[in-house]
Amino acid sequence: IAHAGGEIDGYKYTNSLEAVKQSLSLGVTHIELDLCMTSDGYLVAAHDWPYFHNITGYKGDSLAITYLEFCSRRIYGKYTPITCFMIDSIMMANPSVFIVTDKISNPEILHKFMNEYKSRVIVECFNMNDYVVLDSLGFYKTFYSSEPISIKKMIKWKIMDITSIKRRPIAERYAFWYYML
């Protein structure tokens with residue numbers, strides 16, 4: 001998995017178009033992107049707003065910015081920030097690539113911006129309600145990342161069935177990360 005699009009020129013966590021393109025050229029098939037919403041409602045790739053402002057040289061407040069402002073910035077003075085439309089292009093041009101989301105697991109947002117290729121979106125989900133809704137919307141590659149969950153709760157919430165337990169070692173009776181494929 002190319003975390004935050006992958007490293008480029010020694011920089012990590014850029015979530016930049018150039019990093020993603022380099023990762024794809026190296027044969028990477030799973031691209032993790034940190035996702036944020038702009039102040040005017042667009043999905044973009046950025047770890048968080050304070051970090052994005054820092055790596056783009058912005059000295060003002062740490063609040064979300066507009067889509068146009070986001071597009072006008074350059075990461076470390078030269079890399080292109082990724083927009084939802086660029087994610088769409090990447091996914092359409094690379095049918096074997098998966099996007100792994102981080103920071104956003106809101107079902108409405110993911111359904112709005114990633115529904116066309118949801119079978120290739122792996123969602124890191126941060127609460128059980130979002131997990132259940134994402135599953136109902138067809139985002140089947142979702143993993144729950146938060147507090148430990150007991151096997152009993154996993155069965156109750158239909159994350160796993162009773163036959164799965166028999167094949168799991170005792171150490172896995174509680175899961176911090178439960179990856180559903």
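Colleague: Leaving aside neighbours within four places in sequence, with which residues is L35 in contact?

Modeller: This is a predicted model, in which local features need pLDDT of at least 70 and side-chain atom pairs count only at pLDDT 80 or more, while totals for chains, interfaces and linings use all residues. Residues are numbered from 1 along each chain as its sequence is written, and side-chain values use heavy atoms, with hydrogens and water left out. Taking contact as heavy atoms within 4.5 Å, L35 is in contact with L43, V44, A45, A46, I87, T101, D102, K103, I104, L110 and M114.

Colleague: Which elements each supply at least two residues of the largest nonpolar core?

Modeller: A nonpolar core is a set of buried Ala, Val, Leu, Ile, Met, Phe, Trp, Tyr and Cys residues joined through side-chain atoms within 4.5 Å, and buried means under 20% relative accessible area, exposed over 50%, partly exposed in between (1.4 Å probe, protein chains only). The largest such core holds 30 residues, of which I31, L33, L35, L43, I87 and M114 touch the most other members. With helices (H or I, at least four residues) and strands (E, at least two) taken as DSSP runs numbered from the N terminus, the suppliers of at least two residues each are α1, β1 (30-37), β2 (43-45), α4 (84-93), α5 (107-114), β5 (121-125) and α6 (128-136).

Colleague: What arc do the buried residues of α1 cover around the axis?

Modeller: The buried residues of α1 are L17, A19, V20, S23 and L24. They lie on the same side of α1 because their arc, taken from the directions from the helix axis to the C-beta atoms, is only 165°.

Colleague: Which residues are exposed on the other side of α1?

Modeller: The cover over the buried residues of α1 includes β1, β3 and α4. On the other side, the exposed residues are K21 and S25.

Colleague: How many residues apart are D9 and K78?

Modeller: The side chains of D9 and K78 form a salt bridge (a side-chain nitrogen of Lys or Arg within 4 Å of a carboxyl oxygen of Asp or Glu), at 3.8 Å from N to O. D9 lies in the segment before α1 (17-25) and K78 in the loop between α3 (67-72) and β3 (82-83), a separation of 69 residues.

Colleague: In the salt bridge of D102 with K103, how far apart are the closest N and O atoms?

Modeller: D102 is buried at 10% relative accessibility, whereas K103 is partly exposed at 38%. Their closest N and O atoms are separated by 3.9 Å.
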